[in-house]
Amino acid sequence: MSRTVRIASVNVNGIRAAARKGMNSWLETAGVDILTLQEVRGTAEHLSIALPDWHIEEDEALQKGRAGVAIASRTPPVEVRKELGGDDFDSKGRWIEADFAIEGEQFTVVSAYVYTGEDGTPKQDAKYAFLDAMTERMPQLAADGSLALITGDLNVGHRELDIKNWRGNLKKAGFLRRERAYFDSFLAPEGEAITRIDDSAGVGLGWTDIGRAFHGDVDGPYSWWSNRGQAFDTNTGWRIDYHLASAPLAGRVTDYSIVRAPSWDTRWSDHAPVIADYTLGS
């Protein structure tokens, strides 16, 4: 027997602030089964207070008040993993995987928060190291036809369609050619040799960007707006929050949306929730 599972991902920009500003009112009517969170900026206690009656798994950042990822669900996962990359790589507070058993199928959900980066600095080096670790992990998650989903704030606009003011951001972290090249590989057909946006050679990993697949070649829709100026009011945004699905899961999507708040003053985060419905079960 199959059923629809609704998964929402959102960078909450601080779980305590999001709860205070109205996150729970939205959740009451959103019909979400699994909620992935980024930039939690809090502890397990803060999450349990903000999200009562949810099963919560989190990976807290080592630095207080920074980063942090979590997965909240209506039913508990069967297994959780919090490591990404080698022992010399710090992914703390930025990557968590949870396996769920749903209607006889196993399904893996990831909440990821990629470094923001800053071109020419150690922050950008850390971002590339994280994207390298993702590149290594993604084939493992998708092995043997597995159902896997990577959600979160990946802090890269892949295509010109993903940033309103893309011409003004060509040399800025978040839209650098080298960053975008990783997504060329993530999303190209599995095993296909490609030339990426930065003219480097790559091999496709076969994942699907559900947002782009669902909406087609249109501007946006955007998921983040700067607090500077009137970016939200003029819809000068970035699409940097994703659902990336393994090939078998990509065919199970029945709906997708980015829930843009009706006005600037009704937002409870500077990011909008990204929601998709997946059919699971045999």
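The structure is a predicted model, in which local features need pLDDT of at least 70 and side-chain atom pairs count only at pLDDT 80 or more, while totals for chains, interfaces and linings use all residues. Residues are numbered from 1 along each chain as its sequence is written, and side-chain values use heavy atoms, with hydrogens and water left out. Helices (H or I, at least four residues) and strands (E, at least two) are DSSP runs numbered from the N terminus, and two strands are said to pair if DSSP finds at least two bridges between them.

Strands of a sheet pair through backbone hydrogen bonds, either parallel or antiparallel. Strand β1 (residues 3-11) runs antiparallel to strand β16 (residues 274-280), to which seven bridges join it, and within this pairing Thr4 has Thr279 of β16 as its bridge partner. With strand β2 (residues 34-38), by contrast, β1 pairs in the parallel sense over five bridges, and Asn11 stands opposite Gln38 in β2. Strand β16 also pairs with β15, in the antiparallel sense and over five bridges, where Val253 is placed opposite Tyr278 of β16.

The axes of helix α4 (residues 122-141) and helix α5 (residues 177-187) come within 11 Å and cross at roughly 5°. The two helices are therefore roughly parallel to each other, given that angles under 35 degrees count as roughly parallel, over 145 as roughly antiparallel, 65 to 115 as roughly perpendicular and the rest as oblique. Their contact (heavy atoms within 4.5 Å) involves Gln124, Lys127, Tyr128, Leu131, Asp132, Met134, Thr135 and Met138 of α4, together with Arg178, Glu179, Tyr182, Phe183 and Phe186 of α5. By class, the residues of this contact divide into seven nonpolar, two polar and four charged, where Ala, Val, Leu, Ile, Met, Phe, Trp, Tyr, Cys and Pro count as nonpolar, Asp, Glu, Lys and Arg as charged, and the others, Gly among them, as polar.

Gly220 and Pro221 are joined by a cis peptide bond with omega of about -10°, and Pro221 is found in the loop between α6 (210-215) and β12 (224-225). Glu39, a residue other than glycine, has a positive phi near 50° and is found in the loop between β2 and α3 (44-50).

Spaces were assigned on a 1 Å grid over the protein atoms alone: a cavity is a set of points where a 1.4 Å probe fits but cannot get out, a pocket is an open set with protein on both sides within 12 Å along at least five of seven lines, and lining residues have an atom within 4 Å of a point. Grid points are joined across faces, edges and corners, and a volume is the space filled by probe spheres set on the points. The largest pocket has a volume of about 730 Å³; it is lined by 27 residues, of which Thr116, Trp224, Trp225, Ser226 and Trp238 are the closest to its centre. Its lining has eight nonpolar, 12 polar and seven charged residues. The second largest pocket, with a volume of about 410 Å³, is lined by 16 residues, and the closest to its centre are Gln63, Arg66, Ala67, Arg94 and Tyr115.

Technical notes. Axes fitted to C-alpha atoms, helices over the stretch in contact; angles between N-to-C directions.
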